[in-house]
Amino acid sequence: MSKFPVSTSLHGDTAGIAAESAAIASNAIAPLAHAMTAQRLLQKDATHLVNNSAVSMALVTRLWDPVVWSEWTQLQAAIMQRLYVQHQNWHKGCAILIDDYGQLRQANTMSKLVEKQSNLVSQSAELVASQATDFVALLENIDVDYGYWASQKLRADNYQAAR
């Protein structure tokens, strides 16, 4: 019996997720399971990209609508704000690492030096991982938020045409 829960999907991709779950359940084929997960997520991102491209092309006709233009610039401003916050977090993290690096010379034994260096390396890796995760999360948010916003603008356009 597997220790992993059975996967279910509301989107009808149960065969792929079931195969992925079966692969994950076997430690012998863990690399295959990771590859299947990456492939599934890349397909999902490609689908979002195609959908967002299609709604963007349809939205071009409304680009000079003041409401659309205003909301578009607000969306851009929100993205820039998130990037600015991430940039500040990067600089704060680097300042902490520089401060910790300066304290390496305070080690009075080899074991303390190795401990401090190891802590510095792990903090560096944590900072890079955190920044990468935050950036990818931002990209995913942009993808979803833009797709929703653009589809709402097109629905409003279809509603006006139907009246």
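L63 counts as partly exposed because its relative accessibility is 31%, where partly exposed lies between buried (under 20% relative accessible area) and exposed (over 50%), with a 1.4 Å probe and protein chains only. The model is predicted, so that local features need pLDDT of at least 70 and side-chain atom pairs count only at pLDDT 80 or more, while totals for chains, interfaces and linings use all residues. Residues are numbered from 1 along each chain as its sequence is written, and side-chain values use heavy atoms, with hydrogens and water left out.

L63 sits in the loop between α2 (30–59) and α3 (66–102), and together with W64 and W69 it makes a nonpolar surface patch of about 370 Å². Such a patch joins nonpolar side chains within 5 Å, taken from residues with over 30% relative accessible area and no salt bridge, a salt bridge being a side-chain nitrogen of Lys or Arg within 4 Å of a carboxyl oxygen of Asp or Glu.

The structure also holds four aromatic pairs, defined by ring centres within 6.5 Å, with planes under 30 degrees apart called stacked, over 60 edge-to-face and the rest tilted. Two of them are tabulated here.

| Pair | Centre distance | Plane angle | Class |
|---|---|---|---|
| W72 and W149 | 6.1 Å | 35° | tilted |
| Y146 and W149 | 5.9 Å | 45° | tilted |

The pair of W72, in helix α3, and W149, in helix α4 (residues 110–162), links distant parts of the chain, 77 residues apart. Y146 and W149 are three residues apart in helix α4 and therefore separated by about one helical turn. W72 is partly exposed at 27% relative accessible area, whereas W149 is buried at 13%, and Y146 is buried too. Ring pairs link W72, Y146 and W149 into a cluster.

How values were computed. Patches are made of residues with over 30% relative accessible area and no salt bridge: like charges are joined within 9 Å, nonpolar side chains (Val, Leu, Ile, Met, Phe, Trp, Tyr) within 5 Å. Accessible areas come from the Shrake-Rupley method with a 1.4 Å probe; for residues, only the protein chains shown count as cover. Helices (H or I, at least four residues) and strands (E, at least two) are DSSP runs, numbered from the N terminus. Rings of Phe, Tyr and Trp (its six-membered ring) pair if their centres lie within 6.5 Å; planes under 30 degrees apart count as stacked, over 60 as edge-to-face and the rest as tilted.
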